[in-house]
Amino acid sequence: MNRLDYTVARPAQSALTVNKVLKNTYMLLSATMLFSALMAAVSVVVQMPPMTYLLSAGGAMLLIWLVLPRTANSASGLWVVFAITGLLGFGLGPLLSYYLALPNGPQIVATAFGGTGVIFLGLSGYALTTRKDFSFMGGFLIAGLLMVLVVMLANIFLNIPALSLAISAIVIMIMSGFILYDTSRMVNGGETNYIMMTVSLYLNIYNIFISLLQILGAFSGDD
Amino acid sequence: MDWMKIGSAILIGAMILFLWPRAKQMMQESRKAEPGEWGSVLLILLAVAGFVVLLVMMVR
């Protein structure tokens, strides 16, 4: 009897844990998205210089590498998540100001924003409903990301616009893969820390938005 | 070369250095795909690419 109770109770508890992680992750992700958008709006209004983007991204990366791993299992991790997403949102200000100044700028920004939302909801919804295990993609995605970073580094010096667009297109594909991978990790119990999960998903969305903005800006004929 | 380029290069270089150990670990520990698994992923990514093309056509 005890053995039966154990086998019945264990999957139920596991499902409860997964549901809790999913609920907490999407709630925190929504809150950080709103906060990030607010910070981006502030940055646009006060017209921050282009250097802001670099400094904010650098600050956020330092928080992700040095502070987040030490705080992710405590309540203070929540403050760190808001600091990271706030910084990244604030850094978007100069980029948004640049695109908004284009003749069809508001349309480009709105399309990139809406498009990012559709891609995220579609992919995350697919992984959630099918409950497929996408863990086999991990090695391929991280190797692809590393290669893209190396090409990005080279293009800083080469300055080839077509290569820059190709990088943006590949980043969208890789981040889309990461959305499937991360969501499946949550669904299949591979990741139980909703703070780490929120940061991962936020970075996927953030990178898709920036890349989409660049592609739409270039093909609108005004970049 | 301006400061933005130098700063960007430093940031991307740091990202590569930071990601390298994690990438090595993920590549070693990642499970092998079963037949058909990559096919479904490729279809999904193709749909994403098609959607991006649609968005580009919308802003042109």
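What volume does the second largest pocket have?

1. The second largest pocket has a volume of about 600 Å³. A pocket here is an open set of points, on a 1 Å grid over the protein atoms alone, where a 1.4 Å probe fits, with protein on both sides within 12 Å along at least five of seven lines; lining residues have an atom within 4 Å of a point. Grid points are joined across faces, edges and corners, and the volume is the space filled by probe spheres set on them.

2. The model is predicted: local features need pLDDT of at least 70 and side-chain atom pairs count only at pLDDT 80 or more, while totals for chains, interfaces and linings use all residues. Residues are numbered from 1 along each chain as its sequence is written, chains are lettered from A and ligands numbered from 1 in the order in which they are written, and side-chain values use heavy atoms, with hydrogens and water left out.

3. Of the 24 residues that line the second largest pocket, A:Met33, A:Leu34, A:Ala37, A:Phe113 and A:Ile205 are the closest to its centre. Helix 1 of chain A gives the most to this lining, with 10 residues. Helices are DSSP runs (H or I, at least four residues), numbered from the N terminus. By class, the lining has 19 nonpolar, 5 polar and no charged residues; Ala, Val, Leu, Ile, Met, Phe, Trp, Tyr, Cys and Pro count as nonpolar, Asp, Glu, Lys and Arg as charged, and the others, Gly among them, as polar.

4. The contact between the chains (heavy atoms within 4.5 Å) involves 47 residues from chain A and 38 residues from chain B. Together the two chains bury about 3,800 Å², 83% of it on carbon and sulfur atoms. Buried area is the accessible area (1.4 Å probe) lost on putting two parts together, summed over both. On the chain A side, A:Trp65, A:Phe136 and A:Leu146 lose the most area to chain B, together 19% of what that side buries.

5. Over all chains there are 4 salt bridges (a side-chain nitrogen of Lys or Arg within 4 Å of a carboxyl oxygen of Asp or Glu). Across the interface of chain A and chain B the rule finds 1. In that bridge B:Arg31 pairs with A:Asp133, the closest N and O atoms being 3.3 Å apart. B:Arg31 lies in the loop between helix 1 (3-29) and helix 2 (37-59) of chain B, and A:Asp133 in the loop between helix 5 and helix 6 of chain A.

How values were computed: Helices (H or I, at least four residues) and strands (E, at least two) are DSSP runs, numbered from the N terminus.
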